[in-house]
Number of protein chains: 2
Amino acid sequence: MESKGLQPMDSEQLRENAHKMVDFIADYYKSIENFPVLSQVEPGYLRELLPDSAPNQPETLQNVLDDVQAKILPGVTHWQSPSYFAYYPSNSSVAGFLGEMLSAGINMVGFSWITSPAATELEMIVLDWLGKLLKLPEDFLSTGQGGGVIQGTASEAVLVVLLAARDRVLRKLGKNALEKLVVYASDQTHSALQKACQIGGIHPENCKLLKTGSSTNYALSPDLLGKAISDDISTGLVPFFLCATVGTTSSTAVDPLLSLGKIAKNNGIWFHVDAAYAGSACICPEYRCYIDGVEEADSFNMNAHKWFLTNFDCSALWVKDRNALIQSLSTNPEFLKNKASQANMVVDYKDWQIPLGRRFRSLKLWMVLRLYGLENLQCYIRNHINLAKYFEGLVAADSRFEVVTPRIFSLVCFRLLPPNNNEDHGNNLNHDLLDAVNSTGKIFISHTVLSGKYILRFAVGAPLTEERHVTAAWKVLQDEASALLGSL
Amino acid sequence: MESKGLQPMDSEQLRENAHKMVDFIADYYKSIENFPVLSQVEPGYLRELLPDSAPNQPETLQNVLDDVQAKILPGVTHWQSPSYFAYYPSNSSVAGFLGEMLSAGINMVGFSWITSPAATELEMIVLDWLGKLLKLPEDFLSTGQGGGVIQGTASEAVLVVLLAARDRVLRKLGKNALEKLVVYASDQTHSALQKACQIGGIHPENCKLLKTGSSTNYALSPDLLGKAISDDISTGLVPFFLCATVGTTSSTAVDPLLSLGKIAKNNGIWFHVDAAYAGSACICPEYRCYIDGVEEADSFNMNAHKWFLTNFDCSALWVKDRNALIQSLSTNPEFLKNKASQANMVVDYKDWQIPLGRRFRSLKLWMVLRLYGLENLQCYIRNHINLAKYFEGLVAADSRFEVVTPRIFSLVCFRLLPPNNNEDHGNNLNHDLLDAVNSTGKIFISHTVLSGKYILRFAVGAPLTEERHVTAAWKVLQDEASALLGSL
């Protein structure tokens, strides 16, 4: 048997090899600080290292693991490194990892209730649990006309609700009204919204990204929205979708949900709230205020895979009217018909999403909630926010730098001030500083542009990050800044 | 520490608990034949068994595993059971499972090359490997203008190429031409195509599902296609997309790629080939003929997660013109800009798919190819096809039954003949037989309707299935048929 290699499936071969893999992964976490955080390889590096074609004969797991160590890990950017501060976090955790393992072990495809009732029902229950932790209004829970569903990403979440809203209005106005439909959001909204519009055939000029600025701390102004809607109605356009963000990608700006939501409601507009990153913080009473007004929303999204210890992917979407999703996304081919679905006794999540097939993703969220419990999860969030506060203090204490926007959650937006207030030089300077610190391999941060200024983003949120990592990161930033300023 | 439960991430806690999970999963496979294949629970069963809200304090892994055993597994439909013959298979394997573990362990988000160069590069390389095993034309490989990408599902694969094709033609004709665009496929095409049309704003009446019948063994007739295209052009419509299937969901019908592809080419139509299920068989020289003509296609899709031992999800899509995808699906927000992307030196897979984030899915496909090797994979496919042949023989030898369509791969379409040739009774009879066999919990099969007849589908493809399972399944079918016929 050894010469034939592994059986396609064999419980004892799985046991033996998976134990080896556990040790490999545990050792990876143990040594994760030894790797450059941002991979330093050159484009095309891997093709030089691997053969041109798949082998005819089986290789051993040890061969493969040796290659992972020698060839793959150097090309990995280590999102789980404690010195990862780029973009937003994408949390792994012991519980999330165990949930992924179990889901991969059962390996069922839960498109309809009947294809694994437990997968559908656990998802409904666990999203009710999480909805309650976030104190979402009851009409988002599965006990009424609404409910939660796990999407892969926030991009898919905004796409499916945009389609539901589009089709709701087209059913009234006829499908040729598509060219008149208008979407609103701030210019700080994630690019996923524009992509969703493009996919759904919304005309690009009708995706209106309203200007924000430092006066509202980059939040969307209700006045501006009201005026845009009136103007568009007066020219015969049809406003139908508003996306507000709680915790924008650039700077964690928080759009004022309550005022925006009222405008949406008065105009019969679908109101979606994207709290992909910041939603996690709202399980703490002191941060719940940032989603006040969510009761006005038609849909609400947060990514448990960002800052909630649930391995990627797990994007939680709640809607008040599940039928709007189903009317837009359902299919009912003969080969999937079954008693439970035909009798309308069950939820078939295939009709709430783009793909047909779906993994058992609720397992990992369920395990995160049970193996940590609410209080530990709150501590976890508060710890990261405190570390961000600490970093903000470090920046503020160095007069060569400035904190650019008020810190709300665990992201600090800052920059190195251009010497002699020469703003022409400021953007290049910060671009060079970003490049310099990331090239050290010691930390990984990312950037954005706000009001024309190139800004550095320091997002705390990796599960292993401790105060010492923040201190060390600041030291790298100071050292590289000194070198840059010295060379001017 | 014990009282506080698990740390969010700790290498030794991960090691200890993941070893426990490995044993749990290995024991699951060891005992998988003890479960009813199709879950026998009633809708709503789980809500009775779980609390209404998440716990405040952490629970232990043992608590959770006990609940998985007692409450979750009874609600699972066991796709990995050796007696699972429904729909199409969704393979788990030792190698696929190990790949999932490693991907969950590294837990990076590979939207752009820079966010983990190894993830992008391994995906390009491994899809080149698989493309070569399938003897795809070179212009589908990443070394030219084309390349492969892993989508979640075949639904997403057909959606992204439909959007690429749509936007290519709309760039020429202007976006108001949307209402004139026409899609063609056979009426046996997977419902994912209609869903993609709905998402992309193609008018439903312009999604033309051409009739098939037993005379072509449910394959699309090139003559019918040619006529439909001429008719539509003459009324001012714009044909732009053709989807052919190799191995339809109902009956593994194979559309004639070469003739269809030539018609598509002559009319400037994007030609997509969906070989989601049957593509895997084409790694065997004796089955490669079924995708002859793929050289005429613009895109080709097969699901490694169906019948290729790669845990769900892993849908391999190849295109000849990657720029068509990128022009339709790219976004370039400031916060994702980086040197490698800006210099156009790398592939950023975010622009080849619907979501932004993506998992490191190439790892599992790489491990399947390396840990089994081509020859074992071919044996695996042939073994299933031989088991299906064996089942076909059993059906043919019982005069109460008939094989409905010629078996090509590992699916047998058959039915119980209605006594006295009373066709009015045939559909109910087979519906009742399906219900009866699935209610035993001993096997799980599914159904379809062909030319108005209710047909049973027996799809061999679970990794643990052996001849004895097929023999036993046939016994269940015969026994339940006898009981049904006896009660008439």
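Is the crossing of H5(A) and H6(A) left-handed or right-handed? The exercises below begin with this pair of helices and then turn to other places in the structure.

This is a predicted model, in which local features need pLDDT of at least 70 and side-chain atom pairs count only at pLDDT 80 or more, while totals for chains, interfaces and linings use all residues. Residues are numbered from 1 along each chain as its sequence is written, chains are lettered from A and ligands numbered from 1 in the order in which they are written, and side-chain values use heavy atoms, with hydrogens and water left out.

**Exercise 1. Describe how H5(A) packs against H6(A).**

Step 1. Two packed helices are described by the angle between their axes and the distance between the axes. Helices (H or I, at least four residues) and strands (E, at least two) are DSSP runs, numbered from the N terminus, and axes are lines fitted to C-alpha atoms, for helices over the stretch in contact, with angles running from 0 to 180 degrees between N-to-C directions. For helix H5 (residues 154-173) and helix H6 (residues 192-200) of chain A, the angle is about 45 degrees and the axes are 9 Å apart.

Step 2. That angle makes H5(A) oblique to H6(A), since angles under 35 degrees count as roughly parallel, over 145 as roughly antiparallel, 65 to 115 as roughly perpendicular and the rest as oblique.

Step 3. The crossing of H5(A) and H6(A) is right-handed; a crossing is left-handed if the near helix is turned anticlockwise from the far one by less than a right angle, and right-handed if clockwise.

Step 4. Contact (heavy atoms within 4.5 Å) is made by residues including A:Leu159 and A:Arg166 of H5(A) and A:Leu193 and A:Cys197 of H6(A). By class, the residues of this contact divide into nine nonpolar, two polar and one charged, where Ala, Val, Leu, Ile, Met, Phe, Trp, Tyr, Cys and Pro count as nonpolar, Asp, Glu, Lys and Arg as charged, and the others, Gly among them, as polar.

**Exercise 2. Describe the packing of H13(A) with H14(A).**

Step 1. Helix H13 (residues 423-439) and helix H14 (residues 467-486) of chain A pack at an angle of about 130 degrees, with their axes 9 Å apart, and the two helices are therefore oblique to each other.

Step 2. The crossing of H13(A) and H14(A) is right-handed. Among the residues in contact are A:Leu433 and A:Val437 of H13(A) and A:Leu477 and A:Leu484 of H14(A), and the contact as a whole has nine nonpolar, no polar and two charged residues.

**Exercise 3. Follow helix H4 of chain B, its surroundings and the residue B:Lys135.**

Step 1. Helix H4(B), residues 117-133, has 17 residues and reaches 24 Å from its first C-alpha to its last, close to the 24 Å expected at 1.5 Å a residue, the expected span being 1.5 Å times one less than the number of residues.

Step 2. Of the 17 residues of H4(B), 16 are buried, so the helix is largely enclosed by the rest of the structure; buried means under 20% relative accessible area, exposed over 50%, and partly exposed in between (1.4 Å probe, protein chains only).

Step 3. H4(B) packs with helix H12 (residues 362-396) of chain B at about 40 degrees, with the axes 9 Å apart, which makes H4(B) oblique to H12(B). The crossing of these two helices is left-handed, and their contact has 12 nonpolar, one polar and two charged residues.

Step 4. H4(B) is followed by B:Lys135, a residue in the loop between H4 and strand S1 (147-151) of chain B. Phi of B:Lys135 is near 50 degrees, a positive value in a residue other than glycine, and B:Lys135 is exposed, with a relative accessible area of 58%.

**Exercise 4. Is A:Trp307 buried or exposed, and which residues does it contact?**

Step 1. A:Trp307 lies in helix H9 (residues 304-307) of chain A, and at 0% relative accessibility it counts as buried.

Step 2. Leaving aside neighbours within four places in sequence, A:Trp307 is in contact with residues including A:Pro89, A:Tyr277, A:His384 and A:Gly461.

**Exercise 5. Which peptide bond that ends at A:Asp313 is cis?**

Step 1. The bond from A:Phe312 to A:Asp313 is cis, with omega near 10 degrees, and A:Asp313 is placed in the loop between H9 and strand S7 (315-319) of chain A.

Step 2. In chain B, a cis peptide bond joins B:Phe312 and B:Asp313, with omega about 10 degrees.
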